[in-house]
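Please keep the structure open as you read.

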Amino acid sequence: MLYPQESPSRECKKLDGLWSFRADFSDNRRRGFEEQWYRRPLWESGPTVDMPVPSSFNDISQDWRLRHFVGWVWYEREVILPERWTQDLRTRVVLRIGSAHSYAIVWVNGVDTLEHEGGYLPFEADISNLVQVGPLPSRLRITIAINNTLTPTTLPPGTIQYLTDTSKYPKGYFVQNTYFDFFNYAGLQRSVLLYTTPTTYIDDITVTTSVEQDSGLVNYQISVKGSNLFELEVRLLDAENKVVANGTGTQGQLKVPGASLWWPYLMHERPAYLYSLEVQLTAQTSLGPVSDFYTLPVGIRTVAVTKSQFLINGKPFYFHGVNKHEDADIRGKGFDWPLLVKDFNLLRWLGANAFRTSHYPYAEEVLQMCDRYGIVVIDECPGVGLALPQFFNNVSLHHHMQVMEEVVRRDKNHPAVVMWSVANEPASHLESAGYYLKMVIAHTKALDPSRPVTFVSNSNYAADKGAPYVDVICLNSYYSWYHDYGHLELIQLQLATQFENWYKKYQKPIIQSEYGAETIAGFHQDPPLMFTEEYQKSLLEQYHLGLDQKRRKYVVGELIWNFADFMTEQSPTRVLGNKKGIFTRQRQPKSAAFLLRERYWKIANETRYPHSVAKSQCLENSPFT
């Protein structure tokens, strides 16, 4: 599934903006299907409200019922198509939904067109046969029903609990139980768009890269649909738009002597160098000749793992970065360009070179920014909350594998993505979880042999049944927060014991994938007490001392939890969400942000690729100058 782009042969029409919206508040949440709301304009079925797309629906309205709504919601919008889209039968028209959390059904002019299970990933359908049908008007009515219910077989999973005590709860009262610590925002959270291609078109491109002496090798494989009679021309252009290699056909290898490699931020004098792979298709069809053009950014780089190192382009790489969430005031998980650019400016200011997409695949535009800025990504699927034995069943396993197929298909060509994560904190001590994780990891490696695979564990090293199958050990631990809270003096000992036990047993590089402390901005206490900015700083300092003891041995990274405060379900332990961010939800720094900035720039200067220009670039931005 190639990211939609405009080219001489392709057009895009974004459908961002206001959509008509209605939640189905009926007792069984199925009134919309019983009354077939999709067969006529949604407003005819009852009252609708304006809903911005992209956004989560939860925080937009003043209706308290919508904030925690579980069930079916309905979106609708009418669109006028350009006449050339409906009249030229050599044009293919595609409807693409960036994400719909969690189960979606799509109708076009009342016709059932598309269904998709799982949020956070795009899906699409060719609707040419619905728009190129003679004298019908070029106005489309797009209706999308979305169900955000989480069950034992969804990803992430959840359970529905019916509360039957009629002295406390109304008849039929239920709650959605989740097993993860972020708010289950839902809706059309990324862009919806229409785009066109010719009827014979470039369907997919797969690129892998390697380095041979001083030459970069770009291996490409191109899928074409619509005809078997076609020709393909391939050109690789450098950043100055000069052609550096040519090829033909559906697969081949392009050799680039003296190639500029894609390097992470702060690791090289010229990080994030991108080439452009231009593919041109020409084909003969029964209606005449057609052509298609697609351009794919390409970063030439290698990734490898040893028993104690993570290597990018053959050089040891140390992850000093963050965990994030797609989360902000009002918009929830809705994609927002100003927020994205602000976050990347903060990452660069911080000296961060990496993040994990905790705990689901982020918008494609996020990964495009990572490619451009050199921010390394651990790409995680929505395998979070796998906490109960009943979640490790064959139906869930099949769905989890399908989700990994979609993740890899979408993100495989991003040089910034260096590792796949198939789960976060599963109950990996269970025998059933061991088999489950083994199968998902093997499936992911088969899909993409070019990248290492991991999952993030919080299990005991001796009991973890999934760890033997990963390439890199990723550990979440919250010493002096969830364990021995308040006792900062224990962190170094407990952290050293953690690392030594895991490395002795598995002999694999380790990333401290989560650590941190809840902090209310503006709370101060000295000596430090929990929830104050001083306590967060002191906890981080103790972790850093422990990390530095192992950093040059086999610990290959540290990712703070979290980049920014984020919303969670309500509970007595959460004050308007999780406050472990080093920035507030509004992206203002807490004291720990300055501490982390000082550390990350220091590490960058110690671990940069040896080059005088790279050194001067680091020092120019370093807080020490």
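Two rings of Phe, Tyr or Trp (the six-membered ring for Trp) pair if their centres lie within 6.5 Å; planes under 30 degrees apart count as stacked, over 60 as edge-to-face, and the rest as tilted. With that in hand, one aromatic cluster is made up of Y120, F180, F182, F344, F355, Y360, Y362 and Y373. The model is a predicted one, where local features need pLDDT of at least 70, side-chain atom pairs count only at pLDDT 80 or more, and totals for chains, interfaces and linings use all residues. Residues are numbered from 1 along each chain as its sequence is written, and side-chain values use heavy atoms, leaving out hydrogens and water.

**Aromatic pairs**

- The pairing rule gives a count of 38 aromatic pairs.
- One of them joins F183 and Y185 edge-to-face, with 4.7 Å centre to centre and 65° between the planes.
- F183 counts as buried because its relative accessibility is 2%, where buried means under 20% relative accessible area, exposed over 50%, and partly exposed in between (1.4 Å probe, protein chains only).
- Y185 is buried too, at a relative accessible area of 0%.
- F392 and Y436 also form an edge-to-face pair, at 5.1 Å centre to centre with 90° between the planes.
- Because F392 lies in the loop between β25 (376-380) and α7 (394-411) while Y436 belongs to helix α8 (residues 431-447), this pair ties together parts that are 44 residues apart in sequence.
- F392 and Y436 are both buried.

**Charges over rings**

- A charge sits over a ring if NZ of Lys or CZ of Arg is within 6 Å of the ring centre and within 35 degrees of the ring normal.
- R30 places its charged end over the ring of F33, 4.6 Å from the centre.
- R92 lies over the face of Y201, 3.7 Å from the ring centre.

**Overall build**

- You will find 12 helices and 30 strands in the protein, taken as DSSP runs numbered from the N terminus (helices H or I, at least four residues; strands E, at least two).
- The radius of gyration is 25 Å, which agrees with the value near 25 Å for a compact globule of 625 residues; it is taken over C-alpha atoms, and the globule rule is 2.2 Å times the number of residues to the power 0.38.
- The C-alpha trace spans about 75 × 75 × 45 Å along its principal axes.
- Of the 625 residues, 58% count as buried.
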